[in-house]
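Me: I am new to this structure and would like to learn how to read it feature by feature. Could you take me through it slowly?

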Amino acid sequence: MRPDAPSSLSPDKTDPVQPDFQTYWPTDRGYDWQVGLLRFLLSSDAYRDIATFLGGEEALKLSKPDMHGLHHRAIGFLHRSLDARLRRRFVQAIAEYAETCIGPGSARPVPPEAEAIGRDIDRNGYAVLPAIPADWADEIRGYAADTTMHNWAGDVEGPLESLRADHNLAICRSAALLTLPHIQAIATDPVIGAAVERHLGAPPILLGTALWCSFAGKQARDAQFFHYDLDDYRFCKLFIYLTDVDEEGGPHVYLPRTHDPDYIAACRPEPGPERDTFDHWYFQDLRKQDAAAIRHLNQEPVTLTGAKGTRLLVNTEGIHKGLPPQKQDRWLLQLLFGVSHFTQWGGSFDAPVLDAAAPAEAYLLGGLFPTRAVGAG
């Protein structure tokens, strides 16, 4: 552990930088996973210091909200440490625990195309993948457009068009997303799974799905400004354009290499007033202006356009945004892959039972979907 690391992240420790998310909690499956991870760490001489960092034996008694808060603070500390070696060690421990959940030999073979995708996202923070079929994109978009949508900023819901006048986007409800056509095939694509596991360093878990329509002609708000995400110890997102996206169509914009803590550390000034300014901008400013992002991080943004069905695999711990579309609405599907069950909080879903072709797929899907072995009744 780093010398300045806290000896533990017990529930009474507060995090002055990150918001308080303790009103959320893991699902039963997620809580069991978290308790199992801690028991695994406590049983291993190699990882006992990490177990102590996470509260040790006392943390086994935590409630769901407190367990969520503990992992929230640990993720925040590791992010602020800018210590890539320490993060890799955490993920190595999670990977070994995941093998006990899945079974021996859980590592996926990495086909050549997945290797190339992995190299791109390792180096730049993003990779552009072949598109899904255009009719799949149309079916997913059509399904979502017929559901009740919502907007978190205004805490309102209703049909798609009822949100257009006062909001910049409409979001499909999570429960509805779990019955999307083609969702299992997209989530369990073996090339994607292998590339994600290669990049994250541990077997992936599907932590969430999201789908939204960004309305054309609106002013930028919220995630349409540069920012970074902090969804897990390691994570990445699969974005799929469900409409054609040119430079005026609401493309994803990314600052290359900013997912890499070593790169951020290299951009950070020496201790003093300039470092204080950088740290406040990077760690505290939720939404970041373009000029400041380019100046602080010495990168020009890359604009990722593509035809309907285009897939982007992106490590969104890097600095990114989605531009507001100008001429036509932009629809986008997002799948979030991580290595722990931290993000799967807040109740359970009425999810369909999905067939899992292999234990690794059951592990990937099991947080959101009840699963069964192929051929099970």
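Reply: Let us begin with a term that the first example needs: a residue counts as buried when its relative accessible area is under 20%. Please keep in mind throughout that this is a predicted model.

Me: Is E197 buried or exposed, then?

Reply: With a relative accessible area of 13%, E197 falls under the 20% cut-off and is therefore buried. The residue lies in helix α9, which covers residues 190–200. Leaving aside residues up to four places away in sequence, E197 touches S106, A107 and R108, and also A202, P203 and P204.

Me: What share of the chain counts as buried, and how many helices and strands are there?

Reply: Of the 377 residues of the chain, 55% count as buried. The chain has 13 helices and 13 strands.

Me: Over how many bridges do β5 and β11 pair?

Reply: Strand β5 (residues 205–214) and strand β11 (residues 330–338) pair over nine bridges in the antiparallel sense. Within this pairing, C213 stands opposite W331 in β11.

Me: Which strands make up the open sheet of three?

Reply: That sheet has the order β8-β7-β10, and the pairing is antiparallel. Its edge strands are β8 (302–304) and β10 (320–322), each of which pairs on one side only. Neighbouring strands of this sheet are turned by 20 degrees against each other on average, again with direction ignored. Strand β7 (residues 252–254) pairs with β10 in the antiparallel sense over three bridges, and Y254 stands opposite H320 in β10.

Me: Now I would like to look at rings. How many aromatic pairs are found in the whole structure, and why is the pair of W33 and Y97 edge-to-face?

Reply: A search of the whole structure finds 12 aromatic pairs. For W33 and Y97, the ring centres are 5.2 Å apart and the planes stand at 70 degrees, so the pair is edge-to-face, since planes over 60 degrees apart count as such. The pair links distant parts of the chain, with W33 in helix α1 (residues 28–43) and Y97 in helix α4 (residues 84–102), 64 residues apart. W33 is buried at a relative accessible area of 6%, and Y97 also counts as buried, at 8% relative accessibility.

Me: Why does the pair of F278 and Y282 count as stacked?

Reply: The rings of F278 and Y282 have their centres 6.0 Å apart and their planes at 15 degrees, so the pair is stacked. Both residues lie in helix α11, four residues apart, which is about one turn of the helix. F278 and Y282 also belong to one aromatic cluster, together with Y228, W281 and F283.

Me: What else can be read from helix α11, and what covers its buried residues?

Reply: Helix α11 (residues 273–284) has 12 residues and reaches 16 Å from its first C-alpha to its last, close to the 16 Å expected. Its buried residues are F278, D279, W281, Y282 and F283. What covers them includes α3 (64–81), α10 (261–267) and α12 (290–297). As for W281, the charged end of K288 sits over its ring, 4.8 Å from the centre. A further case of a charge over a ring is K321, whose charged end sits over the ring of F226 at 4.5 Å from its centre.

Note on methods
Residues numbered from 1 in each chain as written. Predicted model: local features only at pLDDT ≥ 70, side-chain atom pairs only at ≥ 80, totals over all residues. Heavy atoms only, no water. Helix = DSSP H or I, 4+ residues; strand = E, 2+ residues; numbered from the N terminus. Expected span 1.5 Å × (residues − 1). Buried < 20%, exposed > 50% of the residue type's maximum accessible area, 1.4 Å probe, protein only. Contact = heavy atoms within 4.5 Å. Pairing = 2+ DSSP bridges. Axes fitted to C-alpha atoms, helices over the stretch in contact; angles between N-to-C directions. Phe/Tyr/Trp six-rings, centres within 6.5 Å; stacked < 30°, edge-to-face > 60°. Lys NZ or Arg CZ within 6 Å of the ring centre and 35° of its normal.
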